[in-house]
Amino acid sequence: MDSLGLLLWLTAVVTILSRSHADRNVYPSAGVLFVHVLEREYFKGEFPPYPKPGDASNDPITFNTNLMGYPDRPGWLRYIQRTPHSDGVLYGSPPWEHVGRPTVVEITAYNRRTFETARHNLIINIMSTEDFPLRYQAEFFIKNMNVEEMLASEVLGDFLGAVKNVWQPERLNAINITSALDRGGRVPLPINNLKEGVYVMVGADVPFSSCLREVETPQNQLRCSQEMEPVITCDTKFQEQFHIDWCKISLVDIKRVVSVAPERSPMGPGVLPDIGEYNPPSESLKSRDYFADFLITLAVPSAVALVLFIILGYSMCCRREGVIQLVHHSSIQKSTKELRSMSKNREISWPLSTLPVFHPVSGEVVPPIHPDSYETTSMPLMQTQTNLQNQMQIPQQQPPGDNYCMSTFRRLEVNGIPEERKVAEALNL
């Protein structure tokens, strides 16, 4: 490599290193909305070029932000990035307590295609402002906006212009922007282009206009309590682009608000006092006899059960009402047994399913497989004709040249009537 090529290579390396470790200084004002966009294009040059020449690099890039030396950002600073193909945004309202103290935020960019990282520091130098904070502050809830849409400079400028036309202040500043999700709102369904909603707080140096005061009238308060839209005369100045929920507007005069500082308990050094080593109990513990507890555990339930048994026995055997109940129960049992014995001996006509049928081969009459005195309640579902009493054998017709084989059936009488007669009666029905 010649000296010119080496010089160009060193220059490129130094350029990349300087861009990846460069510090950016910003100077927001205390009490005024601060917005810083993390542009993906700014970090694309620090990653390797796209593999295909001529194709535009559209690598997915995400960001991680944290206060230097800490795992998270400052409490007043928020961050949002919807997708890896969109820019990230840092936003918040710098507090007065951090004026004059630089806040260093580490920004790490992750290339999700090559898994490489690039890092630089953002130094936030909070400046003091006159008339901090502004006395009159109003917070609007915009239903048709997401927080990243509202943070765009053009949209925020249009909203401040509409508020200025309604309020007519000399000074008007955006103080803070908060997503409705940070206030306990629900994530909207992905239908009908629904938005999360945004709370926008603005401050001015003049009292609230009569239009903004209309929401405090009893009529509008009643409509808000009934979940109805209040009647605001200046709503038309916002309706074209911003849908304001006037029931959620907040008007605050900070000089009339009595601030009560909570009492804080004195903070300790954060170290537990030294009370010496752990001293376990001694091994010479007194033994305890559990026999008395065992007897009480068994004796009390046994005594209660014995008393209940005696009372029940006396009520059933020694008193007239109990004897009558026992006699009544005994008579019911006897009647039940008698009815069951009578039901076995009753003479009724058999159902058609029990009548004899014709043999499919010989044409002979085949009687049912059980007699009249057969106990049907204990009869199995599947029966065979083997080992039955009163069986008779009949010849079964076979093909020419073969011998005859014998089939068996039982010849029975049902209620004294031969089965042939019962078959004739069944056919006449």
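Which cysteine forms a disulfide with cysteine 224, and how far apart are their sulfur atoms? In this predicted model, the partner is cysteine 247, and the two sulfur atoms lie 2.2 Å apart. A disulfide is taken here as a pair of cysteine sulfur atoms within 2.5 Å; by this rule the count is two. The model is predicted, so local features need pLDDT of at least 70 and side-chain atom pairs count only at pLDDT 80 or more, whereas totals for chains, interfaces and linings use all residues. Residues are numbered from 1 along each chain as its sequence is written, and side-chain values use heavy atoms, with hydrogens and water left out.

The link between cysteine 224 and cysteine 247 is left-handed because the torsion about its S-S bond is about -90°. Cysteine 224 belongs to helix H6, while cysteine 247 sits in the loop between H7 and strand E11 (250-253), so that distant parts of the chain, 23 residues apart, are linked. Helices (H or I, at least four residues) and strands (E, at least two) are DSSP runs, numbered from the N terminus. Cysteine 224 counts as buried at 19% relative accessibility, and cysteine 247 is partly exposed at 33%. Buried means under 20% relative accessible area, exposed over 50%, and partly exposed in between (1.4 Å probe, protein chains only).

The other disulfide joins cysteine 211 to cysteine 234, with an S to S distance of 1.5 Å. Cysteine 211 lies in helix H5 (residues 210-213) and cysteine 234 in the loop between helix H6 (218-225) and helix H7 (236-239), 23 residues apart. This link is left-handed, with -85° about the S-S bond, and both of its cysteines are buried. With the bonded cysteines of the chain numbered in sequence order, the pairing is 1-3, 2-4.
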